[in-house]
Amino acid sequence: MSEALSRSWKQSLVTMAIFVVCGGTIGAAGYVSFLPQEARTVLKVTAAVATLAAWLLLRRRERLHLYRPILLGFFSVSIGLLLAQFFGTIPLRLLGWSVSSARGIAVAKLGESLAIVLSILVTHFAAGGNRDALFLGGGHLKLGLTAGVLGFAAFAAIAAVQAIGSGLSWAAVAAALPWIAIFVFSNAFMEELWFRALFLKKLEPLVGAGPALVSTSLVFALVHISSTYVIDIVLFLVALMALGLLWGWLMRKSDSIWGSVLIHAGADVLVMIGFLAGGGL
């Protein structure tokens, strides 16, 4: 291995490590429930200030200009998480619902997702970004949607078997379906935009396509480390890593977010059926 190639690999590994640490820390501020709320708020504010300051400082550093879009992405997520914390629950409070019901958890997820998605989109377009950079352009829609519909159908079939095995009545599932749909599509679009679409094309020039895919998938898996709705957290994180790689690969292959969103939504149906079966909703 030549010295230049060795240096390139080392730079890529350092960049990947920094991305995973920063992305994981920001994700932990929003998702990791065993951290105190005060600490999570401090993390969000600190991340927003630090990433914006770094983005501004790198304006005149031509050699480091490729890092600026990533910093801006981190900033937009941090602001979105803050908005979700302070304003995302407003619809839930106005309706007087709690997250102990299917409709409550769906509305809470919708409020959270809207705050994060709007922050990402407004920041991205205000900085001169376009739809293609977020996989929101045309792309190969036929490939993405075909894979997405098939993947969603496969997970829906597994969810039906899960519901039957859990003793859920079809009436109970049917009554919860509108709220399940709101939850899974809100969450799927928000997470695919945040963890993959926002960063894949920004990381690729710095580390390469494969390492970018691995880095984003690792962050996606790690921020779910405090999930309480699974029996084996290690197995769950491994599954999330694998799914993250699959969804990222499909997003790049189709140059579109929609196939990954559909399959992700199908996977989230399993989670909601699990909550219903366990009386969590």
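Colleague: What should I know about the model before we start?
Modeller: It's a prediction, so local features need pLDDT of at least 70 and side-chain atom pairs count only at pLDDT 80 or more, while totals for chains, interfaces and linings use all residues. Residues are numbered from 1 along each chain as its sequence is written, and side-chain values use heavy atoms, with hydrogens and water left out.

Colleague: Why is the pair of Tyr31 and Phe195 called edge-to-face?
Modeller: Rings of Phe, Tyr and Trp (its six-membered ring) pair if their centres lie within 6.5 Å; planes under 30 degrees apart are stacked, over 60 edge-to-face, and the rest tilted. The centres of Tyr31 and Phe195 are 6.2 Å apart and the planes are at 75°, so the pair is edge-to-face. The search of the whole structure turns up eleven aromatic pairs.

Colleague: How do you know whether Phe74 is buried or exposed?
Modeller: Buried means under 20% relative accessible area, exposed over 50%, and partly exposed in between (1.4 Å probe, protein chains only). Phe74 has 6%, so it counts as buried. Phe199 has 3%, so Phe199 is buried too.

Colleague: What makes you say that Lys201 lies over the face of Phe135?
Modeller: A charge sits over a ring if NZ of Lys or CZ of Arg is within 6 Å of the ring centre and within 35 degrees of the ring normal. Lys201 meets that for Phe135, at 4.4 Å from the ring centre. The charged end of Arg196 sits over the ring of Phe220, also 4.4 Å from its centre.

Colleague: Which residues lie nearest the centre of the largest pocket?
Modeller: They are Tyr31, Lys109, Phe183, Ser227 and Tyr229, out of 46 lining residues. A pocket is an open set of points on a 1 Å grid over the protein atoms alone, with protein on both sides within 12 Å along at least five of seven lines, and lining residues have an atom within 4 Å of a point. Helix α11 (258–277) gives the largest share of that lining, seven residues.

Technical notes. On a 1 Å grid over the protein atoms alone, a cavity is a set of points where a 1.4 Å probe fits but cannot get out, and a pocket is an open set with protein on both sides within 12 Å along at least five of seven lines; lining residues have an atom within 4 Å of a point. Helices (H or I, at least four residues) and strands (E, at least two) are DSSP runs, numbered from the N terminus.
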